[in-house]
Amino acid sequence: MGKVAVLGAGSWGTALAMVLHDNGHDVRLWTHIESHAKEMNETHTNNNYLPGVTIPAGLQAYHDLSDAVEQVSAIIFVLPTTAIRSVCKQVGAVLKHKVTMIHGTKGIEPVTFKRISEMMEEELPRELFEEIVVLSGPSHAEEVSIKQPTTVTAASRSKVAAKRAQDLFMNQHFRVYTGTDLIGVELGGSLKNIIALGAGISDGLGYGDNAKAALVTRGLTEIARLGTAMGADPLTFVGLTGVGDLIVTCTSVHSRNWKAGNLLAKGHTLDSVLDQMGMVVEGVRTAQAAYQLAEAKGIQMPITTGIYHILFESAEPRDVVDQLMTRMRRQETDEVHAMLKEHYQD
Ligand SMILES: NC(=O)C1=CN([C@@H]2O[C@H](COP(=O)(O)OP(=O)(O)OC[C@H]3O[C@@H](n4cnc5c(N)ncnc54)[C@H](OP(=O)(O)O)[C@@H]3O)[C@@H](O)[C@H]2O)C=CC1
Ligand SMILES: O=C(CO)COP(=O)(O)O
């Protein structure tokens, strides 16, 4: 078992570091805040991000990035999307050898429309890695940190790199599949956060299970519509990192995106919601990116568009629901369903 670094000591970085520690790795959990590293090492807790969870004594928090990445065989980026570019630059300045680069971040950059692995490829010196791996799936940190059964997928263009990530993380509580559809896995994990904001809004408005099931199902259709236009395999969206993650994020009490949507529906402003959350709510910026991307590509994403209007143009949630319900009459299936049908007929 070797040395590995987890960059980002929020809820997900801490939970993933605990999985790696359980698997016998020498884990360095890096935070950009010195007092945070000190507090975690002294108290074995991370109360702002994973309250009530004890961090094992052998799992060390680091503040010095060059110490954290020294001699590691793998680096796992578990940061908000907004921090990926700057932390990659910092890693590029201190890392001296090739490693397996993995990330667990779920977002798309507005304006550039870049996925996380694309940003990493742009910012990290090419000689430091071969192919990037994304680790994604229905996996809330709160459950992973207490060893509740969880399944995820490690996807990379390189089967060898995906297998390396599987070997690092897999254990009896944390089951890791491999895959090669990097684009589909990254997009599914990012776009589902927008729909989860919608599920929180729907629940906050007092709508019931029928509305939520409709959001999940029609949300999946528009995720797959954009995803396939971006080069993803449509089948990925019916797997763990597509519908699986969509279900958990739209229904779990742990979801940050669901909670944020719920508060918005109850009349809180976006700024006050983001202040209250104290953790990253990726769906907000991803809604901006997906809305811009759908407009640029002429792709129909009515739910995403409605949520964008609520977030950034002060639209009333109830009016958005009315608009969605009274859109032009359509048939249910479209080109994404046709692609799936073709696949299953093969
Ligand atoms: N939470 C979960 O259950 C899951 C989350 N994810 C994804 O993982 C990613 C991280 O999420 P999560 O752990 O929940 O986020 P949190 O908000 O819990 O933690 C984010 C961490 O990143 C740090 N950070 C913020 N900006 C920077 C920066 N510029 N440089 C260095 N560190 C920085 C924060 O530090 P500070 O304390 O200073 O803010 C904090 O330690 C997101 O993309 C999320 O969607 C994926 C699966 C599950
Ligand atoms: O991606 C997640 C679960 O798989 C986490 O979602 P939230 O950020 O909404 O909590």
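Modeller: A polar contact is a pair of N or O atoms within 3.5 Å; within protein, one must be able to donate a hydrogen and the other to accept it, and residues adjacent in sequence count only if both atoms are side-chain atoms. The side chains of Thr 304 and Glu 222 make such a contact, at 2.6 Å. This is a predicted model: local features need pLDDT of at least 70, side-chain atom pairs count only at pLDDT 80 or more, and totals for chains, interfaces and linings use all residues. Residues are numbered from 1 along each chain as its sequence is written, chains are lettered from A and ligands numbered from 1 in the order in which they are written, and side-chain values use heavy atoms, with hydrogens and water left out.

Stay with Thr 304. It sits in helix α14 (residues 302-312). Helices (H or I, at least four residues) and strands (E, at least two) are DSSP runs, numbered from the N terminus. Thr 304 has a relative accessible area of 2%, so it is buried. Buried means under 20% relative accessible area, exposed means over 50%, and partly exposed lies in between (1.4 Å probe, protein chains only). Contact means heavy atoms within 4.5 Å. Setting aside residues up to four places away in sequence, Thr 304 touches Ile 194, Glu 222, Ala 287, Ala 290 and Tyr 291.

Now Lys 192. UniProt, in an unreviewed entry, lists Lys 192 for "active site". UniProt positions are given in the numbering used here, feature names are shortened, and annotations may be inferred rather than shown by experiment. Lys 192 lies in helix α8 (residues 182-204). Its relative accessible area is 5%, so Lys 192 is buried. Beyond its neighbours within four places in sequence, Lys 192 is in contact with Lys 106, Ile 223, Asp 245, Leu 246 and Thr 249.

One of those contacts is also a salt bridge. That term means a side-chain nitrogen of Lys or Arg within 4 Å of a carboxyl oxygen of Asp or Glu. Between Asp 245 and Lys 192, the closest N and O atoms are 3.9 Å apart. This pair links distant parts of the chain: Asp 245 is in helix α10 (residues 240-251), Lys 192 is in α8, and 53 residues separate them. Both Asp 245 and Lys 192 are buried.

The structure holds 20 salt bridges. Another joins the side chains of Glu 335 and Arg 225, at 4.0 Å from N to O. Glu 335 belongs to helix α16 (residues 335-345) and Arg 225 to helix α9 (residues 209-229), so this bridge ties together parts that are 110 residues apart in sequence. Glu 335 is partly exposed, at 44% relative accessible area. Arg 225 counts as buried, at 9%. Elsewhere, salt bridges that share partners join Arg 85, Lys 89, Glu 109, Lys 114, Glu 122 and Glu 123 into one network.

A local pair comes next. Asp 167 bridges to Lys 163, with the closest N and O atoms 3.1 Å apart. Both lie in helix α7 (residues 159-169), four residues apart, about one turn of the helix. Asp 167 is partly exposed, with a relative accessible area of 49%. Lys 163 is partly exposed too, at 42%.

Which helix is largely enclosed by the rest of the structure? Helix α11 (residues 256-265) is, because nine of its 10 residues are buried. Among them are Trp 258, Leu 263 and Leu 264. At the start of α11, a side-chain oxygen of Ser 255 comes within 3.2 Å of the backbone nitrogen of Asn 257. After α11 comes Gly 267, with a positive phi near 100°.

Finally, the strands. Two strands pair if DSSP finds at least two bridges between them. Strand β4 (residues 74-77) pairs in the parallel sense with β1 (residues 3-7) over four bridges. There, Val 4 has Ala 74 as its bridge partner. β4 also pairs in the parallel sense with strand β5 (residues 100-103), again over four bridges. Ile 76 has Ile 102 as its partner in β5. From β4 the chain crosses through helix α4 (residues 81-94) to β5, in a right-handed β-α-β crossover. Right-handed means that, with the strands pointing away from the viewer, the path from the first strand over the helix to the second runs clockwise. In a regular strand the side chains alternate between the two faces of the sheet. In β4, Ala 74 and Ile 76 point one way, Ile 75 and Phe 77 the other, and all are buried.
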